[in-house]
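Let's take a friendly walk through a protein model. Have a look at the picture first, and then we will go through it topic by topic.

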Amino acid sequence: MLYKVMSKGDYKAFVKSLISNYEFIGPKRKDKAVHDFVSIKDISELDTNYTKTTIPPAKKLLFPPTEKLITYEIDNAIKVKPIVESKEIVLFGINAWDINGMNFLDWFFTTDFVDDNYMAKRKKLIVIGMDTDPTETNFALSMGSEYAKDGFDLYLTELKDKYFIRIGTTRGNELLNKYIKVSDAEAEDFKKYDKYMDDYRKKFKLDVAIKSFYDNFEIIYNDEKFWKKVARDCYSCGSCNLVCPTCFCFNVRDDMEINLRDGSKIREWDSCMVPDYGLVAGGHNFRPNKENRLKQRYRCKLKTFVDKFGTYACVGCGRCIETCLAKISIAEDINSVKKEVSV
Amino acid sequence: MVLKTQDEENKSTLYVPDVARITRIEKLSSTEKVFKIVFDDEEKRNNFSFKPGQFVELTVFGLGEAPFSIVSNPSNRDFFKLCVRDAGNVSGALHRMEEGSKVGIRGPFGNGYFPYQKMKNHNVLLIAGGLGIAPLMSLIKYILHYREEYKRILIIYGAVNPKSILFKYEIQYWNNRGDISICMSVDNPDDKWTGEIGACTKLIPRVNFPAEDTYAVVCGPPIMYKYVIKELEEKKFLPEQIFLSLERRMECGVGKCNHCHIGDKVVCVDGPVFSLWEIENLKEAI
């Protein structure tokens, strides 16, 4: 990590250079409450003071909702052509927990088997992070993801009179030096940054008992009454999966053109909450009811990857809580598990 | 690290099937057929090898993809065979195909963890229910290929009725060999049936292999495992000596789509074969 500072006046010039030289994706106000990460053509459209975004920005770019994996042509012979698309994009203004969500996906898509479709895009994604205020459903502090240690090229922190910049990659360093003048961060700057982070962490109000979840979950696992209560209102709609920055389940379907000659395989997001998630040919369903599926989702988010990678598959962004039609809250349920087990 | 050229860089390998041809179709019963498959590409044909217990993902172009276990002998290197039940979209379409049709193949996938090495110099007890015989076929053929390295071999095979018994030719051949025992049981016998009647689990108590010198391999419908395990444990089999092949919705085969995960295991990568020891405490595995 390299630490630099940049004057406030240079910030605009830097962003303007990025917008004019790169495909630039940043937060833009959509309506009163929600921002969306879209292509930005002019700095006036950019609004980094956002709190709420619906679809996680990095996942949208790296692992799009639908993506063509291969095309084929059925003739006398069948010709199969793989498709790996990628282009250089600057993703500007993504916050720490969404970066951590992306880091999880990086890890997941490169473990055991490398997913080229994901990695080609990831390699060309220039990530510039910035802090944003948490929403009231955000529990990133409890999950340890209010701060991003890596995964970004540059991370800008706005102090009173200057920007404190953490440089994560050579690419980020070159980008900075190409467009503006920066100076080394001094002891004084670090002090201000430390104070800033202390204040920033105080903004996270929602606390979850995640530390004891790993063990407590085992004893609550067979408590049917508990899970019936938790999943009672679930519609099995899968909204929680669609807004999650770490959800990665997908289906691959074959699509044929009307000429019945050209076809393709398309990957699309799937949801572990929908009833046919565990259905196999012949009609047996390995996850037949909603209690079972919700329990499974919690296990996947909060336990499975602690065993596998040593990290949670939940960054505590709180999007699923906000989006759930039945008001099911993962934060509340983590705390209920604790309450149920503790004496 | 291997440096890749720009051209290679843009080549994805995980989800791209290789084109292959169905060269022979054998009908086993009213719902099951065996497909003999040969890769079009010579290099792929020469490089393809698999271990007992592994499976491939088969694409019917224009329709979709599904996992099928390989039933041929791993020593046959220029072709492989799949046993397919007409049960879903892809398998249904496959059943309507003719010899010479083209399909796509990815794989082989799975750990192929049938402990055919550990089993050497031990007795082997194979228990199959219904279509569960299919994933065991490559293992049986492998063991018979190296017959002298194993002690006694017993196959317990249960089917719904005599008509639904699969691999009748192979079974007859095994019977003729004399160095492998096979014990069959059906739920609904017809007039000609002279074998056992009822669930195949009932035959386990009569097995006289000493447990400490035997490996058991089980494959069948999900409901069967609980009962078989109970019987085997009564016979003093240790969980490390019992191996199971699990069925799940394995869509990608490479542990990415996540449909087949159970706890911290992904069946398509960590399985589909597990020792009972591995999954005993894994909730919802059995």
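What percentage of the 343 residues of chain A count as buried? The share is 43%, where buried means that 20 or more other C-beta atoms, placed from the backbone, lie within 10 Å of a residue's own, exposed means 12 or fewer, and partly exposed is in between. This is a predicted model, in which local features need pLDDT of at least 70 and side-chain atom pairs count only at pLDDT 80 or more, while totals for chains, interfaces and linings use all residues. Residues are numbered from 1 along each chain as its sequence is written, and chains are lettered from A and ligands numbered from 1 in the order in which they are written.

**Chain A as a whole**
- Chain A has 13 helices and 12 strands; these are DSSP runs numbered from the N terminus, with helices being H or I of at least four residues and strands E of at least two.
- Along the principal axes, the C-alpha atoms of chain A fill a box of roughly 70 × 65 × 40 Å.

**Places to find in chain A**
- Helix 4 of chain A holds the buried residues Asp116(A), Asn117(A), Tyr118(A), Lys121(A) and Arg122(A).
- These buried residues pack against helix 2 (57–62), strand 4, helix 3 (96–110) and strand 7 (125–130) of chain A.
- Lys229(A) sits in helix 9 (residues 224–230) of chain A, and it is partly exposed because 14 other C-beta atoms lie within 10 Å.

**Where chain A meets chain B**
- The contact involves 37 residues from chain A and 36 residues from chain B; two residues are in contact if their C-beta atoms, placed from the backbone, lie within 7 Å.
- On the side of chain A that touches chain B, the largest share, 6 residues, comes from strand 11 of chain A.

**The domains of chain B**
- The domain assignment gives domain 1 (15–109) and domain 2 (123–279) of chain B; such bounds come from an automatic or database domain assignment.
- The C-alpha centres of domain 1 and domain 2 of chain B lie 22 Å apart.
- In chain B, 20 residues of domain 1 are in contact with 20 residues of domain 2.
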